[in-house]
Amino acid sequence: MAESSSSSSTRQYTGDETKKTVLGDGITMKRMIDDAIIGVLLEDDSDFVEDVALSNFKLVVGFASVGASVVSHVYPAAFPKNWHVLLLCCLWYFIGSGILQLLLSFVELESIVLLRYKEKRDRRPYGLNVSTHFPRYQDVFTLGVTPLPSGSLGLVSAPKFKPEQPEEGEPLASDDHTQVHWSVAELFDERGVFYEDKCMDMARAFLRKYHSESDRLAGGSGEGKKVQ
């Protein structure tokens with residue numbers, strides 16, 4: 001089902017008119033590309049499933065923080081007799097909010113999805129952290145993959161994604177198999193129509209290269225994972 005790189009390079013792509021944005025809206029452009037990449041990673045025949053452990057932890061912290069406000073409302077005493085309960089509830093809420101903000105700012109960074117392999121394989125980590133980088137007023141989009149040795153709950157100690165933005169005038173091709181750079185001009189036409197199929201094919205090609213090189217460097221067979 002996977003296309004060869006040669007056939008992909010000569011394939012004629014047509015954009016989906018329903019997936020259209022303003023070319024100056026970098027946030028929407030990034031979200032559309034991110035969604036296409038995630039779609040490739042979570043295809044039915046993919047070797048991955050989403051690792052939701054960290055997301056579940058964040059939900060628990062969020063609900064607990066909101067629960068503090070419920071306690072402050074139902075506590076059977078009027079102000080100022082309930083001042084100590086209000087103080088504890090406020091502290092609990094801000095601690096929970098602080099934990100979530102720290103995770104977003106210093107742990108998740110630019111991650112778009114955390115994955116784990118459906119089946120554990122030798123010489124491969126537990127999962128992968130997939131991140132993207134698309135700075136404002138730039139036309140270069142970076143997709144990167146870093147290993148996730150102990151799952152999403154171990155993201156704090158996992159290798160961090162450090163995008164290497166090409167200098168102006170330099171080619172986008174990179175020898176680093178953990179990152180790939182695309183010009184958004186390849187993925188959107190002059191009207192802002194998104195070439196989703198082309199983006200997904202490019203993502204598949206990058207993932208094949210990543211697994212092939214990772215297996216080779218780890219002393220494996222060098223046969224990359226089949227990505228549709």
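These legends accompany close-up views of a predicted model.

**View 1. Overall fold of the chain.**
The chain holds five helices and seven strands. Read from the N terminus, the order of the elements is α-β-α-β-α-α-β-β-β-β-β-α. Of the 228 residues, 38% count as buried. Among contacts in the chain with a separation of 6 or more, 62% are between residues 24 or more positions apart.

**View 2. The largest nonpolar core.**
In soluble globular proteins, nonpolar side chains tend to be buried together. The largest nonpolar core here has 30 residues, and I33, I37 and W182 have the most contacts inside it. Two or more residues of this core come from each of α2 (26–41), β3 (111–117), β4 (127–133), β5 (140–148), β6 (179–183) and α5 (196–217). Leaving aside neighbours within four places in sequence, I37 is in contact with I112, V130, T132, F141, L143, W182 and A203.

**View 3. Surroundings of K20.**
K20 belongs to strand β1, which spans residues 16–20. With a relative accessible area of 45%, K20 is partly exposed. Which residues does K20 contact, leaving aside its neighbours within four places in sequence? They are M32, R191, G192 and V193. One of these partners, M32, lies 12 residues from K20 along the chain, and the C-alpha atoms of K20 and M32 are separated by 9.2 Å.

**View 4. The second largest pocket.**
The volume of the second largest pocket is about 260 Å³. Its lining consists of 13 residues, and those that lie nearest the centre of the pocket are D25, G26, I27, P135 and R136. By type, the lining residues divide into six nonpolar, three polar and four charged.

**View 5. Cysteines without disulfides.**
A disulfide is a covalent bond between the sulfur atoms of two cysteines. How many disulfides does a search of the whole structure find? The search finds zero. For C90, the closest cysteine sulfur is that of C89, at 7.1 Å, which is too far for a bond, because a disulfide needs the two sulfur atoms within 2.5 Å. C90 is partly exposed, its relative accessible area being 42%. C199, in contrast, is buried, at 0% relative accessibility.

F79 and P80 are joined by a cis peptide bond, with omega about 10 degrees. P80 sits in the loop between α3 (53–74) and α4 (83–108).

**View 6. L109, a residue with positive phi.**
L109 is not a glycine, yet its phi is positive, at about 55 degrees. The residue is found in the loop between α4 and β3. Is L109 buried, partly exposed or exposed? At 40% relative accessibility, L109 counts as partly exposed.

**View 7. Y137, also with positive phi.**
Y137 is a residue other than glycine with a positive phi, near 60 degrees. Where does Y137 lie? Y137 is in the loop between β4 and β5. Its relative accessibility is 72%, so Y137 counts as exposed.

Note on methods: Residues are numbered from 1 along each chain as its sequence is written. This is a predicted model: local features need pLDDT of at least 70, side-chain atom pairs count only at pLDDT 80 or more; totals for chains, interfaces and linings use all residues. Side-chain values use heavy atoms; hydrogens and water are left out. On a 1 Å grid over the protein atoms alone, a cavity is a set of points where a 1.4 Å probe fits but cannot get out, and a pocket is an open set with protein on both sides within 12 Å along at least five of seven lines; lining residues have an atom within 4 Å of a point. Grid points are joined across faces, edges and corners, and a volume is the space filled by probe spheres set on the points. Ala, Val, Leu, Ile, Met, Phe, Trp, Tyr, Cys and Pro count as nonpolar, Asp, Glu, Lys and Arg as charged, and the others, Gly among them, as polar. Buried means under 20% relative accessible area, exposed over 50%, partly exposed in between (1.4 Å probe, protein chains only). Helices (H or I, at least four residues) and strands (E, at least two) are DSSP runs, numbered from the N terminus. Contact means heavy atoms within 4.5 Å. A nonpolar core is a set of buried Ala, Val, Leu, Ile, Met, Phe, Trp, Tyr and Cys residues joined through side-chain atoms within 4.5 Å.
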